[in-house]
Amino acid sequence: MGKVTFEHVWKIYEGVKGSEKVAVKDFHLEVEDGEFLVLVGPSGCGKSTTLRMLAGLEEISRGAIYIDGRKINDVPPKDRDIAMVFQNYALYPHMTVYKNMAFGLMLRKTPKKEIDDRVMAAAKFLGLLEPDNLLHRKPKALSGGQRQRVALGRAVVRNPKVFLFDEPLSNLDAKMRVETRTEISKLQARLNTTSVYVTHDQVEAMTMGDRIVVMNHGVIQQADEPLVVYNKPANMFVAGFIGSPPMNFFRGTLASSREGMFFTEDKKPDSTLKPLCVKVSDEAGKILADRVGKPIVMGIRPEDIEDKLFAFDPDPAHVFQSRVDVVEPMGAETFLYVHSSGHSLISRSKGHHKIAANEVLDLVADMRKAHFFDPESQNALT
Ligand SMILES: Nc1ncnc2c1ncn2[C@@H]1O[C@H](COP(=O)(O)OP(=O)(O)OP(=O)(O)O)[C@@H](O)[C@H]1O
Ligand SMILES: [Mg+2]
């Protein structure tokens, strides 16, 4: 078992001259037993602080944290039954791989036979025995990815209630990152140990988490399954943070006509392009009826905007004019960096393009996938 409960948890750092820094604000959340929870958000949003309070490396200013119903605010880190993996592996340089993994258990006076069984099982699973047996090497004779696997092994052999990870992949090169990411996912699926994983990388968050918690300025913005966060972002911050390239935003207004509801973007005075004016889906139109005439923000992801030439049966009411800034052929798709009469935007087009900068290009928005936000609160309306 390993259920973690955060109950209205705050972290307030006392600064110089009595100034205060609120690093984590009213963090209230339950992590289910066996769940892989990812905390994601920009630098300084309070991810590590949250994790460090759970680990006992940082005092809790207000609120409480429970593991399986036991309040741990005042329990020393070593008695919390958690194991933490950091960004810098923090291996003991003078100890062999075997000893690095065994050391924590030796300190706890675990029987020798049991230590050996646990270390060998972890080493086997983490690929530290084959193709090369690394158990008798020192950390300096290992690659970054191998060192990180030893650090994982050290956490695994402890058999804790909760694993904590703080950006464990950020020191690895791109290929090792993907490999070790898969390794951690497999490990967690196999051991089914509750895990809290911190990253600022939204791809890691999307691919690894059972649930992701998006944070900004110390506040939870949304906590849900990855695809729910992607498809139904709670606000403009989440919409812009999850997804790469990020969601496009257009400021403008809604108008009603006999043909339905239309969104028209705010145009820059000097633009010679026709302003984007697209028909809103009937479903969204119903929800947005009382917003007609008021400022609103429309969001559309890059993959939901296509070059009209490559769109299947494009609806003329969803076509708009743009001018090309940069064309980036990626192979499988093309990133079109363009601007409309009032906004810069990106389209992920399926087509292969012969267009050049400064050409005028007709694009089609998939309006079933459009999002609408309140410009004041920035919260999602649809
Ligand atoms: N000891 C401290 N004293 C004062 N402020 C601190 C202290 N430690 C962290 N902070 C501040 O608390 C905020 C949250 O820091 P935290 O380390 O949790 O961010 P993070 O989300 O992990 O960021 P990163 O992605 O850069 O690691 C930051 O604004 C940071 O400057
Ligand atoms: Mg951090």
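User: What makes helix H4 and helix H5 roughly parallel to each other?

Analyst: The axes of H4 (residues 144–157) and H5 (residues 174–191) come within 10 Å and cross at roughly 15 degrees. Axes are lines fitted to C-alpha atoms, for helices over the stretch in contact, with angles from 0 to 180 degrees between N-to-C directions. Angles under 35 degrees count as roughly parallel, over 145 as roughly antiparallel, 65 to 115 as roughly perpendicular and the rest as oblique; H4 and H5 are therefore roughly parallel. The model is predicted: local features need pLDDT of at least 70, side-chain atom pairs count only at pLDDT 80 or more, and totals for chains, interfaces and linings use all residues. Residues are numbered from 1 along each chain as its sequence is written, while chains are lettered from A and ligands numbered from 1 in the order in which they are written.

User: Which residues of H4 and H5 meet?

Analyst: Among them are Leu152 and Val156 in H4, and Ile184 and Leu187 in H5. Contact requires C-beta atoms, placed from the backbone, within 7 Å.

User: What makes strand E15 and strand E18 edge strands?

Analyst: The open sheet has five strands in the order E15-E19-E16-E17-E18, with antiparallel pairing. E15 (305–307) and E18 (344–349) each pair on one side only. The twist averages 50 degrees from one strand to the next.

User: How do you know that strand E17 pairs with E18?

Analyst: Pairing needs at least two bridges found by DSSP between two strands. Six bridges join E17 (residues 334–339) to E18, and the two run antiparallel. Valine 338 has leucine 345 in E18 as its bridge partner.

How values were computed: Helix = DSSP H or I, 4+ residues; strand = E, 2+ residues; numbered from the N terminus. Contact = placed C-beta atoms within 7 Å.
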